[in-house]
Every structure is written in structure tokens, then in C-alpha cells.
Amino acid sequence: MESLERIKARAEEAVPGATIKIIPNASPANQPSLLIDSDHTLAVVQFLRNDAALRLDFCSNVTGVDWLDRTVTTKVKVKTLIDGEEKEIEQPQVENFPGYLETVYHLYSIALKHGPVVIRLRTADRADGVHLPSLTPVYRSAEFQEREIFDLYGIRFHGHPDLRRILMWDEFVDHPMRKDYREPDDYEYEPTPHDEVLERAKEHYAARPQLDGAENLAADEHG
Amino acid sequence: MNEGLLSELKKQGIFVTSLQELYNWGRLNSIWPLQFGLACCAIEMIATAASRYDLARFGGEVFRPSPRQADLIIVAGTVTKKMAPQVVRLYNQMPDPKYVIAMGACAISGGPFKQGYNVLKGIDRYIPVDVYIPGCPPRPEALLHAFMELQRKIEEQRLTGAGKADHLEASLPSEFPVPAFGEHDLQPPANPALFRPPAVERN
Amino acid sequence: MSVGFHELAEAPPRAMSSRLEGELLEVSLGPQHPSTHGVFRMNVALDGEIVRKLKPVFGYLHRNHEQIGENTSYLGSMPYTDRLDYFCSMTNNWAYALSVEKLAGIEVPERAEYLRVILAELTRLQNHTSLLGFLLSDMGAWGTPLMYAFREREKILDLFESLSGSRMMCDYMRFGGCRVDAGADWMERAEKVADGFPRFLDEFEKLITSNEILLARTQEVGRISAELAVNAGLTGPILRACGVNYDLRKVDGYGIYPRFKFRVPLGDHGDCYDRLMMRALEMRESLGILQQAFAQIPAGPVMNPKVKIRAFKPPAGEAYGRIEGPKGELGFYLISDGSANPYRYRVRPPSFINLTVLEDMCLGHTVADVMVILGSIDIVMGEVDR
Ligand code: SF4
């Protein structure tokens, strides 16, 4: 299969206006991916499917990922004047990365037996801008998987023929696979809780009954 | 009846029994389970009924597809919150006397999936359970053991008097309310009349 | 009054009959149904007995596997994978181990690779046998074929049990190898089981291939075209029943599969009968692979000593690994942020995605056929809903 750079270049050529970014993957698996902008997704994916050298006719796996807002604090060295003398001091610099939701598609070619080409789509944010184009019109196999992502992550796919909850019941309002979801507090706690579970378990501990000291007297009497 | 007299009569070829014993003997050797599987444990349930373990030796091979014909529901597998109302409904549709076996860690307490947001932490929150078998999954032998345990229980049930069996007590309920789907959880999360978890006491 | 055969034959075709024009009847099949293989539910709209619409309803066994996987260590997820497709814990283990090995770049010793192949093919045997048993009972052969199938399955489960300690939930593979080695006596027993299997297969095939009822119930039922099958992401025996040659053991050549000689059976109608035969033929090929593996397996360690499976922290990055499970392409997609738990843990469940075209398969057939079609897809709810 041709290199990802070439695929990117050819796709950008075939679909004018499309912006595609290569997301590197540092792990030994070495499966880098293509980040496609939401406005041209369908055209790019159609190109990937129909191009004679690629023929990515099989969309194997569709995944939702939740990336929370992150703040990264880095120390930067700045030069300032202190008492008329120029000194280098370290200052913390706080950077905010807004969170987003992401869908990842793994495309393969059954006709030419190669792959995967991994493509990703990102939403604008995690609250209102959670719209993404659906790939179901191109690949039927995305139908249920996108419904699942809608159910568990709350991404709204436009162009999806039947976007309903699939795993949870219809009355359910949360999106439980989001990283900030808290499930209902409905279980008894383990005998040896720790960390987070311990904090939540404490709320369920009954207070010891108030002792009035009578049992000490009884113990005294019997020596 | 006097034991000596009984054996004396038996020697003469006369067999005497009480109605209660006869009735229970008949019931305990023809328990019809509901053909109902939820998850992995159900496969072990099928294996129990299949050739090697042969549940038929205990009179329990007649799996009924309809709850209306079943005496026993084996809750074999993880009960999810989405499935729990259906399980209660199935239980309610069974005729009295009815028995419940909670098979596997999941049916007892949620088991390995206890932390799941969609997993019911034990079916005894909504319906009364007669026999619990731990295991993940319990081996077919364990299910047979539970079955025999249930037979023992049936054998001891009395038809009359103060300690008579629950299903003969008109004041006790034989159906339980079906939980509703709520916005975050089932409503109610447990049947308070049935499920009273112990409060953990710690300093 | 009874109806004679000639009268039935002369009955007017449906469209011309003077039946009342009514609405479609909506029926909910499941989640408690003897033939839905677990807690699967379908809402069907019926015209008489003919299915006009079918909507599957999922989620009755949604056990939050993926979320639990994200809150557990890499090793901690291994036993959970057993419970995905609870017929095939060994292949589930392998798929997960393979993905983690990709993610962290781990090598697997030779002997472990052979053990994995042996166990995966044994798993395929027992999965396909039970499937055929279940399928036949869905068609009305209640009990008997299933008894035979389970008799054979028990023999393989015994092997699993003596190797891993559990009949169904083996939790046997680790990233970097396998948990324990199999002794010479185990190999001998396994060989014996594999040698005895063809006899059962002959018997079983004789029972099914020429059985008139079976032919009538499966041929031309639930057909699907190759294009739709590829587009809908079908994998495994169902895809190959449509004539598409795509077997990951050949395509990806993961593990040491390129060393074995085997053929990939292909169908050409894409109907239930082809799907059924696909399983029967695949079992023969598995037996061939098993024989080669038993002959070739070398001695040596079964675990890569460099891998610390406890406190395991792969480098940040992501990996998608997949294998040819008995039901289709089973994949795991892992995103690591360098910590002890995966940031994202995703399972690509073959039985779930194979259900995408259930409606297309069933339209125009009778309700009774729906059960046969569903049985021929081979689903396990633990994997469908996770
Ligand atoms: S107890 Fe274990 S085997 Fe049984 S349903 Fe639960 S997870 Fe599956």
C-alpha cells in the first residue's frame, strides 16, 4: 500500500478544499492516522473507497473516544530585570487544551487485501458542538457502531438514517462512556475499598451506636 | 406415624404415606425449569441439561419456553438494568409454587461486572431467591447441587399448620412490582420490601 | 373439516386471494425466546407470516465491558475478554494479547505461538459444533443433534480445563506468551481428541447434508450479495459463504499461520445452507492445521521473560489488532496514554456487526425462517452487547 503521505496528497488533490492532517502514532504498532475535517469527510472517504489503488471497501471498526479538557503546566525560562540585573527565572506557563470527542474508523481493502488506513474525525468541543458527519451512507457497517457511539458518547451524526439509542434504554439521558460520567451510587462496597471507591464507600458506613459507658462498668464488675 | 408401625406394614406389603409427602415427592421430582438464559452461565446450564451431566436424572430436563408452564426460573447470567424488568415480569407470569435459583456471581451480586453502570447488582433486589450458587460460571455439578438443594427445600415444605409453605399463604405476595426505566437508573433501584442490605459498620 | 392436498395446491396465489386488507402485525420476538441465543430481541412487522420489517433491539446484556476495561490494568482485562464471546475464550484472549503485543512491541516465543494455534483451532471446532447443534434445534430437531454436539464439545472443554483450570473461562494467554506450558500427556490427549473428531464429523455431516427438511429450510433462505456483505462489514464464515475470499489467517498471517497449509472454503449463494456448510468445511481445515501443529511444535519457553505483565505500562500510542475468530474478525483497539490503564479500550465485536444486515436477510421470509437465519449468523450476546 502507498504511504500515508501520498494518500493524503492524493486525497487533497481529488477533493479540493479538504484539509487532512497526519496524526503520528509513537507506539511500536506504528499505525498513524489521518485527521479529516468534517466538511469534506464524505468526499474524502468516497475517494478512499473508490480510488483504484486504494479500494478501501471495508470499514472494520468504528470507535468513539472522549478527550477531556486538559491543562498542561510547563516551566519556561524567562529573562527579567531584578534589581537592575538581568536574571533568568523559571515561570510556570499554563496552557489549556479544550476537550473534544473523536471517532476513529479503521478501513481495510478486501479487494486488494491491504490496510489499515485509520481516519479520525473530531468534534468542536464536548458540549454543544458534538456533530459529526456519518459514514453510514458509504459504509453500512458503521450503522450500528455509530448508533452505539451516539448512545455512549453523545456524538450526533448527521446523515445517519436511524440515530437512536442502541444499548441503553430510550429514557436514559446520560452518555455513560464519557470520562466524566458518574454512575448511580447503587452498590454495596467491597470489603477492602481503596482510593476513589473508599471515598464513596465512606458515605455508606453506618455510624457506630453511641456508647454510654455501661459496658465498661460491666467489664469492671467481672474483673 | 410411628416408624415401627410403618416398617411393620411395609413388610406386609402395605405402603402408607401422608398426602404431604406424596405431594412433595411428586413436585420435587418433576421440576420444570424455564428455558431462560442470560449470559455465559446459561451455557453451563445447557451443558448441565446435555449429554454428560444429564439433568434428567433429577427430573429437571423439561425446559419450558413459556413461564406459564414453569416451576423454576434459573437466573443464569448477568442481569442488566435493561433486562431486570423483563426478568421480574417473567417471574410474575409463573404460576405458584415457583422457585428461583440465582446461578453465578452475576445473578447474585453483579459479579465481575459489578462496577458496570448498566448491571443490576443482584437479582434479589427485585425477586426472592431460593438457592444461590456462586461461581463464574458455576460448574454443572454446582448447578446439580443447587437443584438437589432446591429439592430438599421442597421436600420440607408443609401443606398445613403454622409453618406452611409461602405459596399457600394467601397474605404473602406472589408477584412483585416491575421496576421502571428512569433517567439515570431503574426506578426504584431495589424493592425495599424485599431487599434490605446490611449497613457497613466501620470506624 | 379437513383440507385435502389438492385443495391446498389449487388455492389462489396470495396476491389474488380475497383476504382482508389490514395493517401489519407488530410482534416482539425476545428478549426471552427459546431460539434467540440469549437475550436478543427483534421487533418484526408481519404480513400474515411474512416478515415485512425487522428491527433488532440490543442492550439486554450490555455489561459495560469497555468502560470496565478502561478502569482496569492491561492484565486485569484479560479475564474479562473470556466473557465476551463465552464460547471462544481462547480466541478472545489471543485477540487481546495480540493487540497489546502490537501496542508495546512484544515478541512471543515459538512454542507459545504453536500453543495458541492449537487452542484457537480447538476453539473453532467446539464453536462450530455447538453452532450446528443449536441451529438444528432452531429448525425443530429439538435436543438430539445438540446432545451429540455437546458430547464432542465436552471433550474439548476437558482439554481446556486440564490446561487452564476452567472449562469456559480459560484466561490462558498473556501478552508475551501463554500462562502455563502444556505437558506431553496433554498433547497426547489433544491429539487423540483431534483424531477422533472426523468420525463425529462424518456422522454429523451425513445427518445434515442430505436431510430433506434441512435443505428445504436453509437453501435460498436469507440470501445476501457479496457487495452488500462487504459493505456491511460482515466477516468470518458468513462473508465467505457469499464467495468473498477473506480469511485473516491468510490475509494478515498473524501468529505463525503462514507456516500451515490449509484451504479457505468459499460458498457461492450466500444463503443459510452455504453458511452452514462453511462451518462444516472449516472444521475439516482446522483439523488439518491441528495435525500439522502437533507434528511441528517445538520445545521451549512459553512466556517472553522480558515482559512484566504486572505493573505493565506500554508506551503512549495506539494499536488495532485483529484475528480471525470463529465468528469473524475480532479486533481490539487500544489507546495508551503511558499509564497502567488503557485510555480507550474498544472491542470490535464480529457478531454485533454481522447483525447489521439481519433485516435485509429476513425480509420476505417467514417468521420461522428468521430463527434459522439468526442461527446461521452465529451470535453470542456477550459479544453483541458487551
Ligand atoms: S457469573 Fe461469570 S460466567 Fe456467569 S454470567 Fe456472570 S460473568 Fe458470566
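1. Helices (H or I, at least four residues) and strands (E, at least two) are DSSP runs, numbered from the N terminus. By that rule, chain B has six helices and six strands, and from the N terminus on they follow the order α-α-α-β-α-β-α-β-α-β-β-β.

2. The model is predicted: local features need pLDDT of at least 70 and side-chain atom pairs count only at pLDDT 80 or more, while totals for chains, interfaces and linings use all residues. Residues are numbered from 1 along each chain as its sequence is written, chains are lettered from A and ligands numbered from 1 in the order in which they are written, and side-chain values use heavy atoms, with hydrogens and water left out.

3. Around the ligand there are 16 residues, B:C40, B:C41, B:A105, B:C106 and B:C136 being the closest; a residue is near a molecule if one of its heavy atoms lies within 4 Å of it. These surrounding residues come from chains B and C, so the site is shared between chains.

4. In chain B, α3 (40-49) and α5 (104-109) each supply at least two residues of this shell. The most comes from α5(B), with three residues.

5. By class, the shell has 10 nonpolar, four polar and two charged residues. Ala, Val, Leu, Ile, Met, Phe, Trp, Tyr, Cys and Pro count as nonpolar, Asp, Glu, Lys and Arg as charged, and the others, Gly among them, as polar.

6. The C-alpha trace of chain B spans about 70 × 40 × 40 Å along its principal axes. Of the 203 residues in chain B, 48% are buried (under 20% relative accessible area, 1.4 Å probe, protein chains only).

Notes. Buried < 20%, exposed > 50% of the residue type's maximum accessible area, 1.4 Å probe, protein only.
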